[in-house]
Amino acid sequence: MQPNETTQVAFLGLGAMGRPMAANLAARWPTTVWNRTTSVAEAHAAEHGSRAALELAEVAGAQVVCTCLPTDVEVAALATALGPQLAPGTVWIDHTSGDPAGARDVAALLAGYDVGYLDAPVSGGTDGAHRGALTVMVGGDAEDLAAVTPVLDAVAARVVHVGDVGAGMAVKAVNNALLATSLWAAAEGLTALAAQGVAPQAALEVIAGSTGRSFATETLIPDRVLDRSFPHTFALALLAKDVRLAGSVLAGAEVDAPVLHLIEQLTSAAAVELEGADHVELVRVVERAVGVELSSLE
Ligand code: NDP
């Protein structure tokens, strides 16, 4: 399969990430979108020039099928329903952050229909998705990846082939465990400093030029915590899911990982405590324990 101007792309799952990713695809390729709540697909078509599929079967003519769903469980259900209808040689690009073992199961299922499968989770958040500047970590066959790279280029600034099927999911899980760790640790350090009279902005200015900096201290806390906006871009429940998956990756390698296991427990408990929250609201749990809010507001 070599994409050309007639290649049909399908995108299933128009959530916070899927909507802008599918919009960037529709700007370059004939793109059919499907979403469980069909009104979202219809609104996408009206706004971005994609074609809305009201039934799943309507995407069966695509040569490239992309998914971005909560977990591998939802992907497996769609692959079971759609797999028999896809033409041999179709490539399925799964942008979901899922379980590596689940990705291998879906790959085996689709291989039975001669459909290629790449696990291709993404990093860069909704902002990166809007800009078409995501990082994509890909597990699977190198030839399938080479074939769909022109399609991935519509959503990505960086595509890295990290190994066999499941490897992309494993890297994504570990990345997000590191995100949760740095966010939680930064909240602990900054609330302790604030309790002792150091303004968070001053501490962050120092950390920005020092070795303790992270995405949490450079972007998340300055842009979303200090102004108390906590925009909803990535559900805390999804982050907790990713950190749990990282725990499975570590266990699979029999790595004793006390820090990441503690973060797994803390993040899972926070997701229960703050149901429906954004991931950055992890900070609120630390603030409540310390009795200090990180704020630049008067
Ligand atoms: P959202 O919760 O915003 O969207 C979820 C999507 O999945 C919606 O389109 C929803 O449809 C659909 N869906 C949910 N359950 C089902 C089901 N049973 N069957 C079919 N469709 C279903 O999620 P995000 O877009 O934030 O995340 C999607 C994936 O991307 C996750 O794996 C997440 O971890 C990952 N991710 C998210 C990032 C972010 O910043 N948000 C960044 C990087 C990765 P409906 O509209 O009907 O509810």
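These legends go with several close-up views of a predicted model.

**View 1. The largest pocket and the residues around it.**
Let's start with the biggest opening: the largest pocket holds about 1200 Å³ of space. Its lining is made up of 45 residues, and Ala-16, Met-17, Thr-233, Phe-234 and Leu-238 are the ones nearest its centre. Which helix gives the largest share of that lining? That's α7, with 6 residues. Among the other elements that each supply at least two lining residues are α1 (18-26), α3 (72-82), α9 (215-225) and α10 (236-252).

**View 2. Thr-126, in helix α5.**
Zoom in on Thr-126, which is part of helix α5 (residues 125-131). Leaving out residues up to four places away in sequence, Thr-126 touches Ala-16, Met-17 and Thr-233. Is Thr-126 buried or exposed? Thr-126 counts as buried because its relative accessible area is 15%, and the cut-off for buried is under 20%.

**View 3. Helix α1, mostly under cover.**
Of the 9 residues in α1, 8 are buried. The buried ones include Gly-18, Pro-20, Met-21 and Asn-24. Remember that α1 also supplies at least two residues of the lining of the largest pocket.

An α-helix has 3.6 residues a turn, so residues three or four places apart point the same way. Arg-131 is exposed, with a relative accessible area of 55%, while Asp-127 is partly exposed at 47%.

How many salt bridges turn up in a search of the whole structure? There are 8. One of them pairs Glu-218 with Arg-213, whose closest N and O atoms are 3.6 Å apart. Both partners are partly exposed: Glu-218 has a relative accessible area of 44%, and Arg-213 has 43%. Another salt bridge links Arg-284 to Glu-281, with the closest N and O atoms 2.8 Å apart. In that pair, Arg-284 is partly exposed at 23% relative accessibility, but Glu-281 is buried at 13%. Elsewhere, salt bridges with shared partners join Arg-228, Glu-287 and Glu-293 into one network.

Most residues other than glycine have a negative phi. You'll find Arg-228 in the loop between α9 and α10, and it is buried, with a relative accessible area of 18%. Glu-254 has a positive phi too, near 55 degrees. Glu-254 sits in the loop between α10 and α11 (258-273) and counts as exposed, because its relative accessibility is 74%.

Val-162 belongs to strand β9 (residues 156-163), and at 33% relative accessibility it is partly exposed.

Conventions: Residues numbered from 1 in each chain as written. Predicted model: local features only at pLDDT ≥ 70, side-chain atom pairs only at ≥ 80, totals over all residues. Heavy atoms only, no water. Helix = DSSP H or I, 4+ residues; strand = E, 2+ residues; numbered from the N terminus. Buried < 20%, exposed > 50% of the residue type's maximum accessible area, 1.4 Å probe, protein only. Contact = heavy atoms within 4.5 Å. 1 Å grid on protein atoms, 1.4 Å probe; cavity = no way out; pocket = protein on both sides within 12 Å on 5 of 7 lines; lining within 4 Å. Points joined across faces, edges and corners; volume = space filled by probe spheres on them. Salt bridge = Lys/Arg side-chain N within 4 Å of Asp/Glu carboxyl O.
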